[in-house]
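Please examine the sequence and the structure before turning to the points below.

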Amino acid sequence: MSQIVLQIDFPANGPFGQEMSEAYAELADHLAKTPGLIWKIWTENAETKEAGGIYLFTDQESAKAYLKEHTARLESFGIQNIRGKIFEINETLSKTTKFVG
C-alpha cells in the first residue's frame, strides 16, 4: 500500500512565524494524534496571505477523513476557499530524489 500526501491551503491573515507557532501549539499537539498521520509540514506565506500544510498519511481513507474534519474546523473559524488535494506517492522516483518513506 502506498503512502498518501494531502495538500491543504487557504487564505489567512495570520498569525505567521513565531506568533503562529505560539497560537497553534495546542492544535499541533491535537493533530499529532490524528489516525494515520505520519507527519505534517506547516506552511505559511505572509506576503500572499496563505497558510496550510503538507501531510503524509499511511492510507487514503485516513487522509480523506482528516481533510473532511479539518475543512469543517477551518470553516467554523470563518475560513473560505479551502483547497485540499490528495496524491499517491510514486515511491520509486521519490526515493531517487531523497524521499525516505
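Which residue lies over the face of Trp-42? Lys-40 takes that place, at 3.4 Å from the ring centre. The model discussed here is predicted.

**Aromatic rings**

- A pair of aromatic rings is described by the distance of the centres and the angle of the planes.
- The structure holds 4 aromatic pairs.
- One of them is the stacked pair of Tyr-24 and Trp-42, with 6.5 Å from centre to centre and 20 degrees between the planes.
- Tyr-24 belongs to the loop between α1 (17-23) and α2 (25-31), whereas Trp-42 belongs to strand β2 (residues 37-45), so this pair ties together parts that are 18 residues apart in sequence.
- Tyr-24 is partly exposed, at a relative accessible area of 29%, and Trp-42 is also partly exposed, at 33%.
- Tyr-55 and Tyr-66 form a tilted pair, because their ring centres are 5.0 Å apart and their planes stand at 50 degrees.
- Since Tyr-55 is part of strand β3 (residues 50-57) and Tyr-66 is part of helix α3 (residues 60-76), the pair ties together parts that are 11 residues apart in sequence.
- Tyr-55 has a relative accessible area of 1% and is therefore buried, the cut-off being under 20%.
- Tyr-66 is buried as well, with 2% relative accessibility.
- Together with Phe-57, the residues Tyr-55 and Tyr-66 make up one aromatic cluster.

**The largest pocket**

- Rolling a probe the size of a water molecule over the atoms shows where empty space is left.
- The largest pocket contains about 290 Å³ of space.
- It is lined by 22 residues, of which Phe-10, Tyr-24, Ala-51, Leu-74 and Ile-79 are the closest to its centre.
- At least two residues of this lining come from each of β1 (4-11), β2, β3 and α3.
- Which element gives the most to the lining of the largest pocket? Strand β3 does, with 4 residues.
- The lining of the largest pocket consists of 14 nonpolar, 5 polar and 3 charged residues.

**Side chains in contact with backbone oxygens**

- Thr-34 is situated in the loop between α2 and β2, and at 11% relative accessibility Thr-34 is buried.
- A polar atom of the Thr-34 side chain lies 2.7 Å from the backbone oxygen of Leu-31.
- Ser-94 is part of helix α4 (residues 91-96) and is buried, with a relative accessibility of 18%.
- A polar atom of the Ser-94 side chain lies 2.7 Å from the backbone oxygen of Asn-90.

**Details of the backbone**

- Gly-14 and Pro-15 are joined by a cis peptide bond, with omega at about 5 degrees.
- Pro-15 is placed in the loop between β1 and α1.
- Lys-49 is a residue other than glycine with a positive phi, near 55 degrees.
- The loop between β2 and β3 contains Lys-49, which is partly exposed at 41% relative accessibility.
- Asn-81 also has a positive phi, of about 60 degrees, although Asn-81 is not a glycine.
- Is Asn-81 buried or exposed? Asn-81, found in the loop between α3 and β4 (83-88), has 56% relative accessibility and therefore counts as exposed, the cut-off being over 50%.

Technical notes:
Residues numbered from 1 in each chain as written. Predicted model: local features only at pLDDT ≥ 70, side-chain atom pairs only at ≥ 80, totals over all residues. Heavy atoms only, no water. Phe/Tyr/Trp six-rings, centres within 6.5 Å; stacked < 30°, edge-to-face > 60°. Buried < 20%, exposed > 50% of the residue type's maximum accessible area, 1.4 Å probe, protein only. Lys NZ or Arg CZ within 6 Å of the ring centre and 35° of its normal. 1 Å grid on protein atoms, 1.4 Å probe; cavity = no way out; pocket = protein on both sides within 12 Å on 5 of 7 lines; lining within 4 Å. Points joined across faces, edges and corners; volume = space filled by probe spheres on them. Nonpolar A, V, L, I, M, F, W, Y, C, P; charged D, E, K, R; others polar. Polar contact = N/O pair within 3.5 Å; in protein donor to acceptor, adjacent residues only side chain to side chain.
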